[in-house]
Amino acid sequence: MALLMVGIAYLWLTFVSSFGYNPTGELPAIDEDETYSVFVYGTLTRPWVRWLVMGRAGSSEPASLPGFRKEKLDLQPDPTAVTQGEVIEVSAGELRALDRYERLGVRYERVELTLQDGRSAWVYRLMEPLILEME
């Protein structure tokens, strides 16, 4: 029973909790009345992960992102590459849940890119590490 509780606590902390999430800077605005397209290429392609993060798995459709190659947990610009993934449609509240999961403004940035079929979608990309200059 204790192991089950530890497992549940870990899943909650990882996928739902805002504990330890303190975004810095300005984040992209979210309109409450909009639906958003999000291109996913990693863990969020798994329905069970989306269910844990957003409260529903939702549906997805295959999509391609030209000009980027997947490299570990990120996308790197590469004019000859195409990254395969999926597009999910989310509400404003679900987009905020994805932002929290991806640690928007701390670990990832959310940028709008154009998919192979011409649609635009939000994409999470790793932020460049800050390099502090010494005087």
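Visitor: Which residues of H3 are buried?
Guide: In H3 the buried residues are Ala92, Glu94, Leu95, Ala97, Leu98, Asp99, Tyr101 and Glu102. Buried means under 20% relative accessible area, exposed over 50%, and partly exposed in between (1.4 Å probe, protein chains only).

Visitor: So how covered is H3 as a whole?
Guide: H3 is mostly covered, with 8 of its 11 residues buried. One general point on α-helices: they have 3.6 residues a turn, so residues three or four places apart point the same way.

Visitor: Where do these coordinates come from, and how are residues numbered?
Guide: This is a predicted model, numbered from 1 along each chain as its sequence is written, and side-chain values use heavy atoms, with hydrogens and water left out. Local features need a pLDDT of at least 70 and side-chain atom pairs 80 or more, while totals for chains, interfaces and linings use all residues.

Visitor: What is the average pLDDT?
Guide: The chain averages 84, and 79% of the residues score at least 70. pLDDT is the predictor's confidence in each residue, from 0 to 100.

Visitor: Where is confidence lowest, and where is it highest?
Guide: Helix H1, residues 2-15, is lowest, at a mean of 61. E1 is highest, at 97. Where pLDDT is low, the predicted coordinates should not be read in detail.

Visitor: How many helices and strands are there?
Guide: The chain has 3 helices and 5 strands. From the N terminus on, they run α-β-α-β-β-α-β-β. Helices (H or I, at least four residues) and strands (E, at least two) are DSSP runs, numbered from the N terminus.

Visitor: Back to H3. What happens just after it?
Guide: Just after H3, Arg103 takes a positive phi of about 60 degrees. Arg103 is not a glycine. The residue sits in the loop between H3 and strand E4 (108-114).

Visitor: What about Lys72 and its phi?
Guide: Lys72 has a positive phi too, near 55 degrees, and is a residue other than glycine. Lys72 is in the loop between strand E2 (60-71) and strand E3 (74-91).

Visitor: Is Lys72 buried or exposed?
Guide: Lys72 counts as exposed because its relative accessible area is 75%.

Visitor: What follows H2?
Guide: Gly55 follows H2, with a positive phi near 90 degrees.

Visitor: And which residues of H2 are buried?
Guide: In helix H2, residues 47-54, the buried ones are Val49, Arg50, Leu52, Val53 and Met54.

Visitor: New topic. Where does Phe39 lie?
Guide: Phe39 is part of strand E1. Phe39 counts as buried because its relative accessibility is 1%.

Visitor: What is Phe39 in contact with?
Guide: Set aside its neighbours within four places in sequence. Then Phe39 is in contact with Ala63, Ser64, Leu65, Thr83, Gln84, Gly85, Glu86, Val87, Leu115, Ala121, Trp122 and Val123. Contact means heavy atoms within 4.5 Å.

Visitor: How are Phe39 and Glu89 placed?
Guide: They are 50 residues apart along the chain. Their C-alpha atoms are separated by 9.1 Å.

Visitor: What share of contacts in the chain join residues at least 24 apart?
Guide: The share is 64%, taken among contacts between residues at least 6 apart in sequence.

Visitor: Last one. How much of the chain counts as buried?
Guide: The chain has 135 residues, and 36% of them count as buried.
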